[in-house]
Amino acid sequence: MKQECKVEPLAALQENKIAAFDMSARDFLVGEHGRCENPRLYRSVEPRLVRLHRRVSRKVKGSSNRDKARVRLARTYENIGHRRTDWLQKISTTLANEHDAIIIEALNVAGMKRWNGGIAKSVTLDFSWGAFVRMLGYKMAWRGKQLVTIDRFYPSSKMCSACGAVNSTLTLADRHWTCPSCGAMHDRDVNAATNIKREGLRILSEKGINVIKPTTNSTAGTAGINASGNPARPVTSMARVDERRIHVL
Ligand SMILES: [Zn+2]
């Protein structure tokens, strides 16, 4: 017997409820209108982990004191894992509730490990991108909403979102850059999110999904609405609230 729960996809999506995010090891998610900070759970307990590892290695092998130290170390790792999962569940639920569609880049996590050690540590231990994308995928599907992933070969970072020129000289270290073709100045992550959104909207229309643009009447004179008609991002405030919940063990 099939245990499938079929949810009819929404007939039309509101464009102002479509958000695109670029992944960033430092910020976790970067959208056009805000960032969602990575809580760095591993880093916050790193000194404690170092201490616990040292304690294990100093105890006599086979002693009950060594066993106790090992259990304490294992519990600390387990605790980090639980808090990370909890954070990912909350953030994916909030995003799924607030948006009709979310557009993100399909990431090459193996390739990201080639980055320098500090970022690699964030990626492998704190980042949990794969788990996040899976959670977001099923939460959107349950609500009849869309999660669109962009091909990782799409040049989201290197393309100028103003004129479409591709800046092939851009490196990972360039956080801000000026387009050599049109002179537009970009924040690397915000530019990428803008490109990702555009590509995502193209994919949605290719799939025949109806996207409704906000009418000028509904947004005129409303506080907190920016030039593109989207309300100011709630993601940042949500991330801050969560950040406060993270305390050192
Ligand atoms: Zn340009």
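## A loop residue: Gly144

Gly144 sits in the loop between helix 6 and strand 6; helices (H or I, at least four residues) and strands (E, at least two) are DSSP runs, numbered from the N terminus. This is a predicted model, in which local features need pLDDT of at least 70 and side-chain atom pairs count only at pLDDT 80 or more, while totals for chains, interfaces and linings use all residues. Residues are numbered from 1 along each chain as its sequence is written.

Gly144 is partly exposed, because 14 other C-beta atoms lie within 10 Å. A residue is buried if 20 or more other C-beta atoms lie within 10 Å of its own, exposed if 12 or fewer, and partly exposed in between, with C-beta atoms placed from the backbone. Gly144 and Pro9 are 135 residues apart in sequence, but their C-alpha atoms are 3.9 Å apart in space. Not counting residues up to four places away in sequence, Gly144 touches Val7, Glu8, Pro9 and Leu10. Two residues are in contact if their C-beta atoms, placed from the backbone, lie within 7 Å.

## The chain as a whole

The protein chain has nine helices and nine strands. Of its 249 residues, 25% are buried. Among contacts with a separation of 6 or more, 67% are between residues 24 or more positions apart.

## The nonpolar core

In soluble globular proteins, nonpolar side chains tend to be buried together. A nonpolar core is a set of buried Ala, Val, Leu, Ile, Met, Phe, Trp, Tyr and Cys residues joined through C-beta atoms within 7 Å. The largest such core here has 29 residues, and those with the most contacts inside it are Phe21, Ala101, Ile102, Ile103, Leu136 and Ile196. At least two residues of this core come from each of strand 2 (18–24), strand 3 (28–31), helix 3 (64–98), strand 5 (101–105), helix 6 (129–142), strand 6 (146–150) and helix 7 (188–206).

Ala101 is in contact with Leu13, Ile18, Lys145, Gln146, Val148 and Leu204, leaving aside its neighbours within four places in sequence. Ala19 lies in strand 2 and counts as buried because it has 25 C-beta neighbours inside 10 Å. Ala19 touches Gly31, His99 and Ile102, not counting residues up to four places away in sequence. The C-alpha atoms of Ala19 and Ile196 are separated by 9.4 Å, although the two residues are 177 residues apart along the chain.

## Helix 2 against helix 3

Two packed helices are described by the angle between their axes and the distance between the axes. Axes are lines fitted to C-alpha atoms, for helices over the stretch in contact, and angles run from 0 to 180 degrees between N-to-C directions. Helix 2 (residues 46–58) packs on helix 3 at an angle of about 155 degrees, with the axes 8 Å apart. Helix 2 is therefore roughly antiparallel to helix 3; angles under 35 degrees count as roughly parallel, over 145 as roughly antiparallel, 65 to 115 as roughly perpendicular and the rest as oblique.

The crossing of helix 2 with helix 3 is left-handed. A crossing is left-handed if the near helix is turned anticlockwise from the far one by less than a right angle, and right-handed if clockwise. Arg48, Leu49, Leu52, His53, Arg55 and Val56 of helix 2 meet Arg66, Ala69, Arg70, Arg72, Leu73 and Thr76 of helix 3. By class, this contact has five nonpolar, two polar and five charged residues. Ala, Val, Leu, Ile, Met, Phe, Trp, Tyr, Cys and Pro count as nonpolar, Asp, Glu, Lys and Arg as charged, and the others, Gly among them, as polar.

## Helix 3 against helix 6

Helix 3 and helix 6 pack at about 40 degrees, with their axes 9 Å apart, and the crossing is right-handed. Helix 3 contributes Leu88, Gln89, Ser92, Thr93, Leu95 and Ala96, and helix 6 contributes Ala131, Phe132, Met135, Leu136, Lys139 and Met140. This contact has eight nonpolar, three polar and one charged residues.

Ser128 lies in the loop between helix 5 (117–127) and helix 6. Ser128 is buried, since 20 other C-beta atoms lie within 10 Å. Leaving aside neighbours within four places in sequence, Ser128 is in contact with Arg84 and Leu88.
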